[in-house]
Structures are given as structure tokens and as C-alpha cells.
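Student: Can you walk me through this one? I have the sequence and the model open.

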2 protein chains.
Amino acid sequence: MALKLYDLALADPDIRPSPFCWMVKFALLHKGLEFETAPVGFADKANYPDPEYGRVPVIIDGEETVKDSAMIMAWLDKAYPENPLVATDGEAAAAEFSRAWLFSSFFPAVSPMLVARIHALAADDDKPYFRASREERFGKTIEELAATTGQKEKVEASLQVLSAPLGRYRFLGGDAPNLCDYYVMGAFMWPRLSTSEDIYEAPQPVAAWIERMLDLFDGYARKAKRPS
Amino acid sequence: MALKLYDLALADPDIRPSPFCWMVKFALLHKGLEFETAPVGFADKANYPDPEYGRVPVIIDGEETVKDSAMIMAWLDKAYPENPLVATDGEAAAAEFSRAWLFSSFFPAVSPMLVARIHALAADDDKPYFRASREERFGKTIEELAATTGQKEKVEASLQVLSAPLGRYRFLGGDAPNLCDYYVMGAFMWPRLSTSEDIYEAPQPVAAWIERMLDLFDGYARKAKRPS
């Protein structure tokens, strides 16, 4: 039986913007593992593999259930040592750094631009839960978040740190992508699949890298359905 | 003849706070290369190996002159391939990332706290040049910079991204330090050697890593003279 990934879906079940699920999808593709995805809605906890945990990504591989994108990465490199996601401990530490950078810099900048858009695209049954949970997390109403100004500029400023490595190397992993690339591009899939608009402009080396990431694995990420 | 590093000095020639010179000192120690340092003042361009370039670090190794800390790193790994500063291209790209993070996050936060202190500690002959060049760079007087509030909190917020890798690994390079460690710790030597005060508090995993970095190479960085 193929490995199964529980993946967050909007009202259109083919639209799957979760950044953390995307990090895992990239990692599974990197490993060359066959997998199927099981779409779940934000509020649809009864259909989550662990309703009390109530979050995705979760993967089921035979008898094994693994939760949390960072835990899944570590588990994948143990369970499937071929095509490691990181080649050295130094690369593993760098992946932690890039993931922490997402949380301290990219996500805070981009979130206010996305929450109202995702709310609008969520299934009707998911909207009340989505609104309540996000308003609690951010301490603002969705409408207040959407009215925040200057976020585009903050996103674009945050992306500057990627220009240095990507101006010199094809990937954050060097010649070939590694876990750093999958963390960061996983995060970038979130705005890409939450709106039909391009809501920020990446510096040239970053924009070129995004195109390379979209091309990987036979264009898997490029083919992912965007809202119309 | 031992390799020579031109290193910035304050009025007390034993106080050498330049972060970029420190990055290079760590790299030379990592390589196990013998080197001597030549102190130069901020305005003392005539004594720089290339007065027109007018910056340090510069290293002289026999016939070879190499300028700019990032260029020196690349040159060192070519000229002295033993004990590489990075083990893979992925680690090299990660070092670029950590260096770019310093410029986008740590340096902007910490600089306003340091400029007036360094001015006070600079040699009298260097003070007018130091003031003019820094006031031009920041677009503010040294006194205005020193009066900026909230910088301690900004530094401490910036350091959060280091907690994730350093909570899991002994060094940014994993089990052992690599170029990422030397870039970041080189930058941290700047506040350490520009004031007798500890002007910010690092999160616990970062504070513990700083102690490990100070211990490296027989305590080389720990022994460096601080202002009294």
C-alpha cells in the first residue's frame, strides 16, 4: 500500500495550499517514494488520522503514523536512507536555520495577506473554525489582518537573505536541492496556492530559483491547482 | 614567512573588534595556519596594503594579496584544501545564507548600540574619519544613533532563529564548527570587543554555543582583550 499523506484542502479539494504539507510532498518526491494524498478540511477533525492532535501533515506508512513536518523529515531519512534530504549534519543544522527563518521572517510578513483569502476559499463547513482559530492565533479579526498595510514590502525585504546563496548556487542545497529548498519552497507554495494573484515580487535570483523548484519532479508543484 | 592579516585596531592596539576580521581569524585558526596580525586604524589608509581599497580584512600570503572576508574564505579553501571550511556545496550555500542573515537582521539591530562606543574607543586620529564615514552610512549623527531605542530587543529577537539549529546541534556546522559558525561568531565578537558591557542577552542555546565558540582554539576568542 502506498504511503498516505493527509493534506489540507480548501472548498475545491484539488486546491492544497498548506506549506507544511508541501514541505513533506517535496521530501517524498525527493525520496522517489510513491504516495497518495488524503484531503481534509480545516474543521474536519473526525477524518484526521488523530482527531485530538487535529493537525496535518500526518503520514501513514504501513503500521507507522508520523506527525509534524520536521518529525516527518527526520523519520524519512531514517526509514528511507537513500537520497538523503541532507548530506551532512551541517546541512541538517542549516535546514533548521532556514525553517526558523521562515517562522521569524517570511510567515509573519505574508500571513496577514493570506488569511482572508484562504477564509474565502475554505469550505463553508470550515469557515467558522478557520476564523476562530486564526483570530485567536493573530489576536486580530480576519478583516483587521487583511487591512494591514506594508506587508508586501515586508515579504520582499525578508526575501533578500535568499539572494546571496541563490545568486551563487542553483539551490539552497548547492548544486542540487536539499531540505532547505523544500522547507522554503514549501512555504512559498502557500501564497501561490491561496490566491490567483502574485502578491509579491521576489528578487531576481530568488525568482529564478522558484522557477527551478516548480520544474522539479516533472513539474509537480507547477501543476498544482491555483485558485481562479 | 607567516601569513599576515591586516586587522582593525582601536586606540588600544590590542583591542580588535572588526567582525569581518574576526571571521577571517576564526577561519585561519580552523585551517591551523600560522598568522600574524598587523593592526591598522580606521583612518590610517596609508598603512593599508591597498590604500585605495582602504578596507580590512586583507591577507598577505607570500606573493598573494586577498581582500574581503568572503573572498578570503573561498581563497583559503582553494589554497589550503585541508580542513575545509565547508564540507559540501550545501554547507557553502548555507554559509552565504547565514552571512546574508547577519546583514539583514543582526547588524542593523546591533549597529546603533555600538557606533558611539567604538567612536569613543577609537584613536584620536581616527575619530573624524570614523564619525564622517559612519554618519554617511547610517544617515544619522553618532549621537542620534546612540539615542535609538529598542535596539536591545531587536537584537534579541533577531537571535531567535539561531535557537532552532543550536538547540539541536552543537554548532551551526553540526557536530563541529564550519563557516556558518565563523561568520556568526565573528559578528558577535564585534559587540563583545566594543564595550565592557554585555548589551544583549542571547537565548539559552545561543548563549551556550557562544561559550563553546569562545573555547575553540585554546580559547583564542575568549582571550581577546575587551575594553575596561
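Tutor: Strand β1 (residues 3–8) of chain A runs parallel to strand β2 (residues 35–40) of chain A, and 6 bridges join the two. Keep in mind that this is a predicted model.

Student: Which residue stands opposite Leu5(A) in β2(A)?

Tutor: That is Thr37(A).

Student: And how does the chain cross from β1(A) to β2(A)?

Tutor: The path goes through helix α1 (residues 19–31) of chain A, and this β-α-β crossover is right-handed.

Student: How many bridges join β1(A) to strand β3 (residues 58–61) of chain A?

Tutor: There are 3 bridges, and β1(A) and β3(A) run antiparallel. In β3(A), Ile59(A) is the residue opposite Leu5(A).

Student: Is β1(A) buried or exposed, then?

Tutor: Of its 6 residues, 5 are buried, so β1(A) is largely enclosed by the rest of the structure. A residue counts as buried if 20 or more other C-beta atoms lie within 10 Å of its own.

Student: Switching to helices. At what angle do α1(A) and helix α2 (residues 69–79) of chain A pack?

Tutor: The angle is about 10 degrees, and the axes are 9 Å apart. That makes α1(A) roughly parallel to α2(A), because angles under 35 degrees count as such.

Student: Which residues in α1(A) and α2(A) meet?

Tutor: From α1(A), Phe20(A), Met23(A), Val24(A), Ala27(A) and Lys31(A). They meet Ser69(A), Ile72(A), Met73(A) and Leu76(A) of α2(A). By class, this contact has 7 nonpolar residues, 1 polar and 1 charged.

Student: Now the backbone. Where is Pro57(A)?

Tutor: Pro57(A) lies in the loop between β2 and β3 of chain A. The peptide bond from Val56(A) to Pro57(A) is cis, with omega near 5 degrees.

Student: What about the bond that joins Val56(B) and Pro57(B)?

Tutor: That peptide bond is cis, with omega about 5 degrees. Pro57(B) is in the loop between β2 (35–40) and β3 (58–61) of chain B. Most peptide bonds are trans, and most residues other than glycine have a negative phi.

Student: What is the phi of Phe217(A)?

Tutor: Phe217(A) is not a glycine, yet its phi is positive, about 55 degrees. Phe217(A) is in helix α9 (residues 204–219) of chain A. It counts as partly exposed, with 17 C-beta neighbours inside 10 Å.

Student: And Asn83(B), buried or exposed?

Tutor: Asn83(B) is exposed, with 12 other C-beta atoms within 10 Å. Its phi is positive, about 50 degrees, and Asn83(B) is in the loop between α2 (69–79) and α3 (89–121) of chain B.

Key:
Residues are numbered from 1 along each chain as its sequence is written. Chains are lettered from A and ligands numbered from 1 in the order in which they are written. This is a predicted model: local features need pLDDT of at least 70, side-chain atom pairs count only at pLDDT 80 or more; totals for chains, interfaces and linings use all residues. Helices (H or I, at least four residues) and strands (E, at least two) are DSSP runs, numbered from the N terminus. Two strands pair if DSSP finds at least two bridges between them. A crossover is right-handed if, with the strands pointing away from the viewer, the path from the first strand over the helix to the second runs clockwise. Axes are lines fitted to C-alpha atoms, for helices over the stretch in contact, and angles run from 0 to 180 degrees between N-to-C directions. Angles under 35 degrees count as roughly parallel, over 145 as roughly antiparallel, 65 to 115 as roughly perpendicular and the rest as oblique. Two residues are in contact if their C-beta atoms, placed from the backbone, lie within 7 Å. Ala, Val, Leu, Ile, Met, Phe, Trp, Tyr, Cys and Pro count as nonpolar, Asp, Glu, Lys and Arg as charged, and the others, Gly among them, as polar.
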